[in-house]
Amino acid sequence: MSQQNQPELLSGGAMLVRALHDEGVEYVYGYPGGAVLHIYDALFQQNDVKHVLVRHEQAATHMADAYARASGKAGVVLVTSGPGATNAVTGIATAYMDSIPMVVICGQVMSHLIGDDAFQETDMMGISRPIVKHNMSVRNPADIPMMVKKAFYIAQSGRPGPVVLDIPKDMTIPSQKFPYDYPKDIKLRSYNPNAKGHPGQIKKALQTLLAAKKPVLYSGGGVILGRASDELTELARRLNLPVTNTLMGLGAYPASDPQFIGMLGMHGSFEANQVMHNADVIFAVGARFDDRVTNATKKFCPNATIIHIDIDPASISKTINAHIPIVGLVKPVLQEMLSQLDKLDAKDDGKLDQVALANWWNQINQWREVHGGRYQQRAELLMPQAVIEAVHRHTKGDAYVTSDVGQHQMFAAQYYKFDKPNRWINSGGLGTMGFGLPAAMGVKLHYPDAEVVCVTGEGSIQMNIQELSTCKQYGLGVKIINLNNGYLGMVKQWQDMNYDSRYSSSYMDSLPDFVKLAEAYGHVGIRVTTPEELEPALERAFALKDRLVFLDIHIDPKEHVYPMQVPGGAMNEMFLSKTERT
Amino acid sequence: MRHIIAVLLENESGALARVVGLFAQRGYNIDSLTVAATEDPTLSRLTLVTRGDDQVIEQITKQLHKLIEVVKLVDLSDNAHIERELMMVKVKASGDQREEVKRCADIFRAQIIDVSPTTYTIQVVGTSDKLEAFIQALCNTQILEVVRTGVSGIARGERSLAL
């Protein structure tokens with residue numbers, strides 16, 4: 001009996017893999033190399049944790065990242081030291097900017113070689129420090145289970161983020177074994193994220209919202225990360241608030257709901273930016289007043305009292321001063337607000353200013369008429385907006401949509417009306433080209449029955465196109481919507497607007513034949529060059545359930561994304577088309 | 001405005017680099033920084049002197065708090081506090097200069113801690129202002145070397161930064 005209670009003896013590599021399993025990890029994305037060979041051997045000798053072999057480490061990070069965005073659980077990456085680790089840097093920074101939980105395990109040269117400029121040695125602790133929530137280096141193999149637990153705890157709690165675990169090769173030697181015991185939970189005296197929010201501040205916020213004449217709810221990625229869409233939606237409806245979502249927050253409030261006024265910011269809707277600028281109370285929930293939202297901070301929303309809920313105190317009053325700050329996770333804070341509202345209702349107290357709100361909605365509906373997401377239709381050319389609308393129809397608005405970065409990203413954000421959270425997966429903060437395809441792969445792997453669409457452009461897709469090979473290996477039937485205009489579209493748009501159309505290095509000459517390329521990797525390629533070809537092509541693509549289909553869709557090369565805020569202006573100063581300005 | 005921030009930090013490798021890195025990454029100033037282990041060997045105490053308006057200082061303290069290894073911190077400038085810095089100055093001291101430098105050191109309650117036939121090494125302890133004033137007072141003397149520890153700070157009275 002006593003023999004059975006003895007902890008099992010495992011090598012550092014085996015402990016790492018077992019700890020990942022005990023943490024509930026199903027997939028690890030990575031690429032082997034010298035410093036992680038012991039770990040790869042430990043992976044080989046078990047079947048619980050599955051490894052996905054990418055073609056470039058950056059893709060592994062984006063897969064893990066997208067899995068986290070879709071599921072809420074940390075994604076796990078395994079790379080070797082030196083170039084393996086540095087190739088992961090862009091993906092780590094991408095996750096850091098968008099507060100995505102991720103655990104990145106990097107091999108390192110043997111402890112006694114550290115500092116000697118050994119083969120494939122880089123100071124990954126130093127390199128990753130500014131782009132991680134935390135990083136740790138293993139000094140003693142026996143610490144591995146505790147350090148894995150700590151890595152997941154830090155990555156997933158509070159404001160989430162990536163954690164790097166640097167493991168020197170001699171920490172994983174197969175012959176050196178240690179008793180394995182995975183800790184149930186972990187406490188850190190220096191890290192204790194405040195969760196609930198101050199009830200007094202919450203009451204003050206609620207009173208302010210009840211008294212508001214021109215309120216707006218501005219919600220961001222924190223609502224998605226904090227799984228608080230239901231609470232947000234209920235509160236918005238009960239308080240009759242117009243709701244705008246940031247790029248990171250799309251889907252947190254259903255886009256088809258009449259109270260939704262669109263995305264805000266640089267390419268936000270006319271009405272969302274007008275509502276923000278003219279609001280008397282801005283209720284910011286899990287959003288961080290990013291420069292792509294506020295435009296010039298000095299001109300930002302001059303009349304507004306600002307209520308700001310965020311788990312990260314450093315995000316409050318960083319760029320825009322908050323009048324009523326609430327530090328806490330959005331879900332418990334919104335729940336507390338709802339329960340306070342229940343109590344007021346029970347006392348028949350806390351009435352909204354219905355007259356003022358009716359006037360406000362009247363004004364909002366007038367703003368909705370001004371631009372309304374219109375775009376010019378052309379008989380001979382496909383418009384990117386029309387493509388996104390068609391994709392929305394064919395997927396019944398229920399797909400996971402990943403994107404790269406540029407015009408196509410903004411069109412997808414504007415025209416794919418997201419009704420559910422965790423469905424829109426894009427690199428908002430860092431703006432990482434090459435994100436879309438690996439992100440789609442990460443989602444498809446975990447949700448094989450779901451429709452997963454990668455909206456991309458001919459520039460972005462080529463930044464990680466080698467992953468078409470990984471898709472074949474693992475049978476990942478994602479649908480790639482390549483909005484091909486032959487230009488780096490967003491660069492070109494800025495060159496049109498600010499540089500007299502001098503297209504400095506924004507024209508993509510010598511593009512590959514994407515159809516043949518997709519076929520070369522063993523997938524299906526379809527080219528669409530006219531509006532009539534679009535519907536049958538989408539029909540065929542989505543009918544091929546288990547196949548990757550690469551739709552190379554040639555679109556109007558001249559189209560710009562509108563509305564667009566006038567740089568250096570207030571929220572409501574916008575270009576509405578190539579010829580109209582507010 | 002000048003602020004003195006005292007930080008209790010996990011005494012782990014890389015923790016200090018994180019603090020210094022934060023200041024570099026976010027463009028905050030560091031006038032001085034001192035760090036050493038406390039009576040509890042698992043904790044380091046760090047005193048940072050920085051400058052910035054209220055908004056910048058608020059961001060600095062919040063960003064420091066976000067570092068996983070930062071256990072506690074306090075802006076000492078918010079309340080009555082004591083600050084001290086130690087400086088060692090090596091000066092040319094020969095002929096008439098020898099006596100004059102000694103007198104000057106006495107006035108500042110500085111100590112001569114090393115002597116050679118041509119030099120004195122003087123130790124001064126006090127606020128940064130006092131150290132500056134001592135250097136000014138040595139204006140007729142040839143200074144060979146100045147080394148300062150940076151400011152250490154502690155709150156007055158019963159207030160204390162501890163676990």
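Helices (H or I, at least four residues) and strands (E, at least two) are DSSP runs here, numbered from the N terminus. On that basis chain A comes to 22 helices and 22 strands. The model is a predicted one, so local features need pLDDT of at least 70 and side-chain atom pairs count only at pLDDT 80 or more, while totals for chains, interfaces and linings use all residues. As for labels, residues are numbered from 1 along each chain as its sequence is written, and chains are lettered from A and ligands numbered from 1 in the order in which they are written.

Start with the overall build of chain A. Its C-alpha atoms fill a box of roughly 75 × 65 × 45 Å along the principal axes. The radius of gyration is taken over C-alpha atoms, and the globule rule is 2.2 Å times the number of residues to the power 0.38. For 582 residues a compact globule would come out near 25 Å, and chain A has 25 Å, which agrees. A residue is called buried if 20 or more other C-beta atoms lie within 10 Å of its own, exposed if 12 or fewer, and partly exposed in between, with C-beta atoms placed from the backbone. By that count, 54% of the 582 residues of chain A are buried. Two residues are in contact if their C-beta atoms, again placed from the backbone, lie within 7 Å. Take the contacts in chain A between residues at least 6 apart in sequence: 76% of them join residues at least 24 apart.

Next, the domains, whose bounds come from an automatic or database domain assignment. Chain A is split into domain 1 (2-179), domain 2 (199-370) and domain 3 (384-561). The C-alpha centres of domain 1 and domain 2 of chain A sit 38 Å apart, and six residues of domain 1 of chain A are in contact with six residues of domain 2 of chain A. For residue classes, Ala, Val, Leu, Ile, Met, Phe, Trp, Tyr, Cys and Pro count as nonpolar, Asp, Glu, Lys and Arg as charged, and the others, Gly among them, as polar. The side of domain 1 of chain A that touches domain 2 of chain A then has one nonpolar, three polar and two charged residues. UniProt, in an unreviewed entry, places the feature "domain: Thiamine pyrophosphate enzyme central" at residues 202-336 of chain A; UniProt positions are given in the numbering used here, feature names are shortened, and annotations may be inferred rather than shown by experiment. That span of chain A, 202-336, is 33% helix and 20% strand, with its end C-alpha atoms 7 Å apart.

Nine of its 11 residues are buried, so helix 2 of chain A is largely enclosed by the rest of the structure. The buried set runs through A:Gly12, A:Gly13, A:Ala14, A:Met15, A:Leu16, A:Val17, A:Arg18, A:Ala19 and A:Leu20. The cover over these buried residues includes strand 1 (9-11), strand 2 (27-30), helix 3 (37-44), strand 4 (75-79), helix 8 (144-156) and strand 8 (177-179) of chain A. Just after helix 2 of chain A, A:Gly24 takes a positive phi of about 90 degrees.

A nonpolar core is a set of buried Ala, Val, Leu, Ile, Met, Phe, Trp, Tyr and Cys residues joined through C-beta atoms within 7 Å. The largest such core has 194 residues, and those with the most contacts inside it are A:Val77, A:Val103, A:Ile282 and A:Phe283. Setting aside neighbours within four places in sequence, A:Val103 is in contact with A:Ala74, A:Val76, A:Ala151, A:Phe152, A:Ala155, A:Val163 and A:Leu165. A second, separate core of 12 residues includes B:Met87, B:Val89, B:Val91 and B:Ala93.

Now for chain B, which has four helices and nine strands, in the order β-α-β-β-α-β-β-α-β-β-α-β-β from the N terminus on. Its C-alpha atoms fill a box of roughly 55 × 35 × 35 Å along the principal axes, and 25% of the 163 residues in chain B are buried. Chain B is assigned domain 1 (2-78) and domain 2 (82-152), with 29 Å between their C-alpha centres. Six residues of domain 1 of chain B are in contact with five residues of domain 2 of chain B. On the domain 1 side, strand 2 (32-37) and strand 3 (43-51) of chain B each give two or more residues, and strand 2 of chain B gives the most, with three.

Between the chains, the contact takes 12 residues from chain A and 15 residues from chain B. The side of chain A that touches chain B has six nonpolar, three polar and three charged residues.
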